[in-house]
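Let's take a walk through a protein fold together. Have the sequence and the 3D view ready, and we'll go piece by piece.

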Amino acid sequence: MPRYAGVLDMGRGILMLKKAIAVVTSGGDSPGMNAAARAVVRTAVYEGVEVYGVHNGYSGMVHDDIEQLTSRSVSDLIQRGGTFLGTARSKSFMTPEGRKVAFENLRKHGIEGLVIIGGDGSLTGGSLMSRETGMPIVGLPGTIDNDVWGMDYTIGCDTACNTIVDAINKLRDTASAHRRIILVEVMGRHSGWLAMMSGIAGGAEYILVPEVAFDLEEISIELQEMYERGKRYSIVVVAEGAGSAIEIGKIIGEKTAIDTRVSVLGHIQRGGSPTVEDRIKASMLGEKAALAVISGVNDVVFSFNEGQVVSVNLFEAVNNKKTLDPELVRLSRVLA
Ligand code: ATP
């Protein structure tokens, strides 16, 4: 018997209760996606609604790689990084024809609403499908980049920051032993959020991000002066969008004549067991998203902002650019 208790609690009134919904994870994986998908599945089951999982992102939607899930399907998952549904990039979904095929596959299973867990690109694709086909879409920001507009939280960023800070702590030990400068390259092709947050938490001397201009000549002179005054180590965090840490390290090493090493963290930043923050927030957001899509809400992304759950219009979330917080940039300079 359908329960719909949570739906009633949303206070939106019951307009168009759905009998079957689906969940998909898309784009780059991020730790906490599993916790979010698990919450979507278990909430739907609790509400007496059928729930389907789409395997391998939009590619699975286009190729009808869709299966019904039960509460048991999401056992032993909350502590796991990655995504049990799999994820992929799909060229076909970039076209209206591909999105139509994906929509028809969803309808074939009787699916009436979709929860998308993914980054900017995935949410953009979802927003297009929603406009073209009328399929109700609710999004959750699953990305380590923290670059989705209208929110200060994305699922996986906290875990990735902790992974980076753990690496910085270890690199700091060896940098200090050898009086080295160590550059740490972190993810962030277009956004410096991850670098800025982990750099501040890791006590980096410099944080180079794509959004803020920097002068390697000036940085090298300052580093040299620091080492002349007795400094034993320094950490420079480089977002990959700010330039190659290997190239930047070469220049700094030559200009300062101080032993300089580079560590490119790469995909290690995406993996690992999600932190408590990511597990709890992803679980809360997964429940919200499932209840919303069941009750006929469309074109909304749920997340947190300043500690509160927020719902942001999907179109606005994907069409506005989130800028780096100037307060964090200022703080990073004060504390360096
Ligand atoms: P991450 O932030 O981790 O990179 P993402 O969701 O932004 O995640 P993308 O590779 O940009 O990752 O997008 C994932 C998939 O979403 C793409 O493979 C494509 O199928 C779909 N997609 C992305 N951008 C668009 C778009 N502009 N129009 C339609 N579909 C899109």
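This is a predicted model: local features need pLDDT of at least 70, side-chain atom pairs count only at pLDDT 80 or more; totals for chains, interfaces and linings use all residues.

**The seven-stranded sheet**

Start with the open sheet whose seven strands come in the order β3-β2-β1-β4-β5-β10-β11. Its pairing is mixed.

Which strands stand at the edges? They are β3 and β11 (308-313), and each has a single partner strand, so one side of each has no neighbour in the sheet. Going from strand to neighbouring strand, the average turn is 25°, with direction ignored.

Now zoom in on β1 (residues 20-26) and β4 (residues 113-118): they run parallel and are joined by six bridges.

Helix α2 (residues 33-46) touches β1, β2 (50-54), β3, β4 and β5 (137-141), and its direction makes about 180° with that of β1. Helix α10 (residues 276-294) touches β1, β4, β5, β10 (300-305) and β11, and here the angle with the direction of β10 is about 150°.

**The four-stranded sheet**

There is also an open sheet of four strands, in the order β7-β8-β6-β9, and its pairing is parallel. Strands β7 (206-208) and β9 (260-264) are the edge strands; each has just a single partner strand, so one of its sides is left without a neighbour in the sheet. The twist from one strand to the next averages 20°.

Look at β6 (residues 181-186), which pairs with β9 in the parallel sense over five bridges. Within that pairing, Glu185 has Val264 in β9 as its bridge partner. Helix α6 (residues 157-178) packs on the sheet and touches β6, β8 (234-239) and β9, with its direction at about 165° to that of β6.

**Around the ligand**

How many residues are around the ligand? There are 19, and Arg89, Ser90, Gly119, Gly121 and Ser122 come nearest.

| Residue | Part of the residue | Distance to a ligand oxygen atom |
|---|---|---|
| Gly28 | polar backbone atom | 3.2 Å |
| Gly121 | backbone N or O atom | 2.8 Å |
| Ser122 | side-chain N or O atom | 2.4 Å |

Taken alone, the ligand would expose 620 Å², and the protein buries 82% of that.

The structure has two aromatic pairs. One of them is Tyr58 with Phe93: the ring centres are 3.7 Å apart and the planes are at 5°, so the pair counts as stacked, for which the planes must be under 30 degrees apart. Tyr58 lies in helix α3 (residues 57-62), while Phe93 lies in the loop between β3 (66-69) and α4 (96-108), so the pair ties together parts that are 35 residues apart in sequence.

How values were computed
Residues are numbered from 1 along each chain as its sequence is written. Side-chain values use heavy atoms; hydrogens and water are left out. Two strands pair if DSSP finds at least two bridges between them. Helices (H or I, at least four residues) and strands (E, at least two) are DSSP runs, numbered from the N terminus. Axes are lines fitted to C-alpha atoms, for helices over the stretch in contact, and angles run from 0 to 180 degrees between N-to-C directions. Contact means heavy atoms within 4.5 Å. A residue is near a molecule or strand if one of its heavy atoms lies within 4 Å of it. A polar contact is a pair of N or O atoms within 3.5 Å; within protein, one must be able to donate a hydrogen and the other to accept it, and residues adjacent in sequence count only if both atoms are side-chain atoms. Accessible areas come from the Shrake-Rupley method with a 1.4 Å probe; for residues, only the protein chains shown count as cover. Rings of Phe, Tyr and Trp (its six-membered ring) pair if their centres lie within 6.5 Å; planes under 30 degrees apart count as stacked, over 60 as edge-to-face and the rest as tilted.
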